[in-house]
Each structure stands twice: as C-alpha cells, then as structure tokens.
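Please read this note with the sequence and the model side by side, and look up each element as it comes up.

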Amino acid sequence: MKKLTCILTTGMMMLSVNNYVNAANNNEVYLYTWTEYVPEGLLDEFTKQTGIKVIVSSLESNETMYAKLKTIGKDGGYDVIAPTSYFVSKMAREGMLKELDHNKLPVITQLDPNMLDRPYDKGNKYSLPQLFGATGIAYNTSNYKAEQFQSWGDLWNVEFKDKIQMLDDPRELFNIALLKMGKDPNTQDPAVLEEAYKELLKIRSNILSFNSDNPASTFISGETDIGLLWNGSVRIAKNEGATIDMVYPKEGTMLWIDNLAIPSSAKNTENAYKLINYLLSADVSEKLTLNIGYPTSNLEALKRLPKTLTEDHATFLTQEVIDRSQWQIDVDNAIDLYDSYYQKLKAAK
C-alpha cells in the first residue's frame with residue numbers, strides 16, 4: 001500500500017505528472033509503484049537483458065495514483081502501475097486499465113492460485129498479483145504483551161491516550177471501527193458509516209499520529225510503541241532491530257493484494273509486458289520478499305524463502321487468521337463519504 005522512501009537505483013528517476021514523455025519509446029518503460037518495491041539493484045538485470053531503461057515514479061497512495069492518471073488522461077501516462085486490489089476493480093470499471101493478453105504473460109503459470117481470480121478481478125482480466133498484505137496491531141514487545149491487543153476494541157482503552165499511530169488512510173481507520181462494531185468493513189451504507197465515524201471519535205484522543213508513508217520508521221526510532229502496520233512493515237522494522245511484533249485481532253483483519261497492471265493510457269505496452277514478466281519471475285520475487293517481507297505470489301520463490309521468514313506469522317499470516325478475515329473491496333462512490341468523515345476525524349483534535 002503506502003511504503004517508505006528509499007534511494008532509487010542508477011538508471012531510474014523520479015517522475016511527476018508534468019514530465020512524462022507522451023510518446024512510445026522502444027528503449028523505455030515507465031513504472032509507477034510503491035518505492036519500497038524497487039530496492040536498489042532490482043531492475044539492473046532487466047535493463048541488461050532487454051536494453052530497456054525503467055523510469056520509476058514513487059507511488060504514495062492509491063488515491064494519488066488514481067488522481068494522476070485521471071489528470072494525464074488518454075494522451076499520456078505510465079506503462080505499468082501497482083494498484084491495490086480494491087482499486088483494480090474501481091479503475092477497471094472506469095476504463096482506466098487495459099485488458100491483459102495472457103499469451104504475453106507466461107509468468108502467470110508460476111503464480112499462486114490462491115492469489116489469482118480474486119473477486120476484485122475475476123479471471124485476472126486486468127491485473128496480476130505481486131504481493132499479499134494485511135493490517136494488524138503492532139506493539140513494542142519491551143513494553144506491551146500480545147494479550148493486550150486481542151480485539152480491535154482494545155485500542156479504545158484510555159491507557160493508550162496519545163500513544164497510537166494510525167495508518168493515514170480512511171479505509172484502514174473505518175475498517176477497524178466497523179470490525180469492532182461487527183459490521184461489514186466494506187459497507188456503503190451511509191447510516192452505518194455515520195455510526196462508525198462516531199465510534200472513531202471515541203478513539204481520537206488515543207491517536208498520536210497518522211502515518212502511511214513510512215509507518216515502520218517510528219517503531220524503529222522508538223517514537224511509537226503501538227499502532228496499525230502492514231505485515232511487510234513489521235518485517236522491515238524487525239530487520240532494523242526494532243523490538244516489535246504484530247497481533248491480528250479476534251474479529252479478523254482486512255486482506256489485500258498489490259498488483260501489476262497496464263493503464264489504458266500506456267504508450268509502451270510491449271515493454272510493459274516484458275517488465276511484468278520480469279517483476280513476477282521467481283528470482284526477482286524472491287529478492288523482493290527477502291528485502292521487504294511481503295509474501296510473494298510466485299510459488300517457486302515462496303519455496304526458496306527461509307523458514308525464519310515464512311514462519312514469522314506477523315508477516316506470513318496463518319491460515320486461521322486468513323480464514324477469519326475479509327478482503328478489502330471497492331466501495332464505489334461511498335469512498336467520498338469515507339473520506340469526508342475521515343477528514344473531519346483528523347481535524348477533531
């Protein structure tokens with residue numbers, strides 16, 4: 001989803017909507033993805049093999065990506081993008097994604113069937129899965145115990161006043177309130193959303209900050225002891241020596257997949273297919289998951305991963321947790337109501 005900032009590899013550059021080159025170029029491909037998903041050196045072999053330079057733009061949020069592509073319109077755009085599951089369905093419905101030619105994507109045979117043909121893109125008509133994610137309650141193991149966070153409702157306890165870091169995302173906040181209330185976390189019902197907003201107002205005094213750009217960093221620095229994190233972010237914090245672990249509450253959590261897709265405005269489509277095959281290949285997928293923790297969609301890469309990673313259930317969720325969780329899906333026009341309430345919530349303190 002929203003990831004941390006890092007130094008991009010040589011041969012890549014940050015890209016804004018204003019400097020996109022609106023012409024096809026056989027020697028280039030424009031990739032718009034979460035910065036964390038392009039660790040140093042990951043794309044070097046692709047350029048070496050194909051002669052194609054990958055020009056990378058850092059994706060800050062699905063909402064920002066969507067707005068940029070709308071602004072660019074049909075006359076220009078990126079060639080490969082990395083929308084999260086619920087945005088795949090939204091963008092496909094609005095004609096913003098190309099239908100994929102699976103004959104040009106042989107890598108699809110290597111992908112985990114459990115991550116294919118999901119409700120947000122039946123038959124993978126518009127996207128292929130890259131990484132699997134979920135949201136949980138992260139805590140500093142030196143100061144807290146897992147037993148303190150068995151329900152989403154535990155975050156409402158007064159003992160956590162001014163201590164909780166939330167993800168800066170309206171869906172994430174409403175998800176936990178709706179799950180706490182026993183309601184559909186993908187609801188579009190205005191009355192239920194109003195009720196969830198009122199529930200979130202009760203936790204407002206407990207919220208120290210909102211952070212989605214680099215949520216693991218405050219756990220690494222010791223500024224934060226409790227907060228919402230994604231499973232990969234927890235692994236990154238652990239790799240940096242943070243005393244941290246994650247709980248997935250009894251009500252379940254929200255599951256999502258970050259995907260690769262080709263926007264309808266892409267100019268370098270053939271290069272886009274080559275890049276998608278490369279990014280989802282076993283060797284590249286293994287390197288990426290070792291670097292950032294998120295479970296990969298490539299089955300061969302999964303087999304190669306060390307048990308110290310795959311048996312870390314903060315990062316690789318148990319089947320029991322998955323079974324009691326739900327997929328985050330598109331809420332259509334109700335997203336405007338989510339965002340309106342969210343902005344009011346942030347301004348409430």
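Predicted model: local features only at pLDDT ≥ 70, side-chain atom pairs only at ≥ 80, totals over all residues.

1. The partners of strand 4 deserve a careful look, one after another. With strand 9, which spans residues 254-261, strand 4 runs antiparallel and is joined by seven bridges; within strand 9, Asp 258 is the residue that stands opposite Leu 131. With strand 7, residues 226-230, the pairing is again described as antiparallel and extends over five bridges, and here Thr 135 has Trp 230 as its bridge partner.

2. The next point concerns a pair of helices. Two packed helices are described by the angle between their axes and the distance between the axes. For helix 2 (residues 62-72) and helix 3 (residues 85-93), the angle is about 20° and the axes lie 11 Å apart. Because angles under 35 degrees count as roughly parallel, helix 2 is roughly parallel to helix 3, and the crossing between helix 2 and helix 3 is right-handed.

3. Which residues of helix 2 and helix 3 meet? From helix 2 come Asn 62, Glu 63, Met 65, Tyr 66 and Leu 69, and they meet Tyr 86, Phe 87, Lys 90 and Met 91 of helix 3. Sorted by type, the residues of this contact comprise six nonpolar, one polar and two charged.

4. Helix 7, made up of residues 231-239, has seven of its nine residues buried, so helix 7 too is largely enclosed by the rest of the structure. Among the buried residues of helix 7 are Asn 231, Ser 233, Arg 235 and Ile 236. Just after helix 7, Gly 241 adopts a positive phi of about 90°.

5. Helix 9, residues 282-292, has buried residues that include Ala 282, Val 284, Glu 286, Leu 288 and Ile 292. What covers the buried residues of helix 9? The covering elements include strand 4 and helix 7, which were discussed above, together with helix 8 (269-279), helix 10 (299-304) and helix 11 (307-310). Just after helix 9 comes Gly 293, which takes a positive phi of about 90°.

How values were computed:
Residues numbered from 1 in each chain as written. Heavy atoms only, no water. Pairing = 2+ DSSP bridges. Helix = DSSP H or I, 4+ residues; strand = E, 2+ residues; numbered from the N terminus. Axes fitted to C-alpha atoms, helices over the stretch in contact; angles between N-to-C directions. Parallel < 35°, antiparallel > 145°, perpendicular 65-115°, else oblique. Left-handed = near helix turned anticlockwise from the far one by under 90°. Contact = heavy atoms within 4.5 Å. Nonpolar A, V, L, I, M, F, W, Y, C, P; charged D, E, K, R; others polar. Buried < 20%, exposed > 50% of the residue type's maximum accessible area, 1.4 Å probe, protein only.
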